[in-house]
Structures are given as structure tokens and as C-alpha cells.
Amino acid sequence: LYFTWRRFLANKAAVVGGIVLLILVLAAIFAPLITKTDPTQQKYLTQALAFPSWEFWFGVDDLGRDFFSRIIYGARVSLTIGFAAAAFSVVIGIPLGALAGYFEGKTDWVIMRIIELFSVVPSLLAALLLGALTKGGFFTIILIAALFGWVNVCLMVRAQVKAFKEKEFVRAAQ
């Protein structure tokens, strides 16, 4: 853990990216405390299309809604979708990758054919089609992102399990 932390701190781009992500997560969590209005509230109709200023950091849209408030609350939705889709991808990909790597033969063959099927279909096109067929929505976006995100996790876990099976300490234990 110490070595990993030192290596992370040595990479300046990773530290800056981590700080930006932390700021976004904290802003999304504490959105009601940071923003002064609800993102859908049309409170500033008299100041519609106002440019960024000290009062409105990102300006006001044509319907009198504060852009800053809308962006902060939008970060909540985006981060929730991203983390949920990543979690579902891991939940699907790790067991399938471990099964494919550990039980070779027919199990590996079937899982690899499923992976090829998902790899051949263009994910953006399939996502647009599935979104149109299901009328979209919050959970549909999470489902579609997880449906096409598990493939890389599965391949990585499969490769790691196969590599560990060939290690000397595993052979010695067998």
C-alpha cells in the first residue's frame, strides 16, 4: 500500500486528476450547500441569458436557470451512472473471467464466444438502439453501460487467472 501511494504521488497527472475527481465528487455530494437555487427553478427570468459574473458563476440560460447549479446537480447524476455502471461491470466481469481462466475447455470457449459477440457489435450503436427501444432513462443508461463494460474486465481477469495457474507455487501446491 505504501509503495502504491508513493508511486501515485510521483505521477503529477494522476494527482491532478485525482484532485479534480475529488472536487467533483464533493461538489456533487454537497450540491444543496454549494448552490443557491434548485437546478430546475426558473428564478432568474428577468436576468435570462446573463453572462458569467460574481452572482452567476457560469451564467443564466434563456429560461432563467443558473448554469452552475445545473452543472453541479448534473454531476450527481453523471457520477452515479458512472460508478454504478462500473460496479455492475465488475460484478459481471470478475466471475465470468475467473470461470473462463480457471475452467478451461468448454467453459472458456463459451465465455470467449460471448465476449466476441459483445466485442463485434459496436457498443455506441447498440447503446443508441437499446436506448431508443427502452425509451431511455436513468436505469437504462446504467444497464447499457454495464452491458458493454464487463468485457474488458472479464478479459483481464481471465488472463490473470491463467497466468497464476502457470506459476510455480501453484504447481507445487498441486
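**The nonpolar patch and a helix**

Modeller: On the surface, L22, L26, I29, F30, L33 and I34 form a nonpolar patch with about 590 Å² of accessible area together. Such patches consist of residues with over 30% relative accessible area and no salt bridge, nonpolar side chains (Val, Leu, Ile, Met, Phe, Trp, Tyr) being joined within 5 Å; a salt bridge is a side-chain nitrogen of Lys or Arg within 4 Å of a carboxyl oxygen of Asp or Glu. Areas follow the Shrake-Rupley method with a 1.4 Å probe, and for residues only the protein chains shown count as cover.

This is a predicted model, in which local features need pLDDT of at least 70, side-chain atom pairs count only at pLDDT 80 or more, and totals for chains, interfaces and linings use all residues. Residues are numbered from 1 along each chain as its sequence is written, and side-chain values use heavy atoms, leaving out hydrogens and water.

The elements giving two or more residues to the nonpolar patch are α2 (12–29) and α3 (31–34); helices here are DSSP runs (H or I, at least four residues), numbered from the N terminus. Helix α2 gives the most, with three residues. L26 lies in helix α2 and is partly exposed, with a relative accessible area of 38%; buried means under 20%, exposed over 50%, and partly exposed in between (1.4 Å probe, protein chains only).

In α5, D108, I111, M112 and I115 are buried. These residues cover an arc of only 100° around the axis, which puts them on the same side of α5; the arc is that of the directions from the helix axis to the C-beta atoms. The buried residues of α5 pack against α4 (67–102) and α7 (138–165), contact meaning heavy atoms within 4.5 Å. The face of α5 turned away from its buried side carries the exposed residues K106, W109, L117 and V120.

Notes
Patch = residues over 30% accessible without salt bridge, like charges linked within 9 Å, V, L, I, M, F, W, Y side chains within 5 Å.
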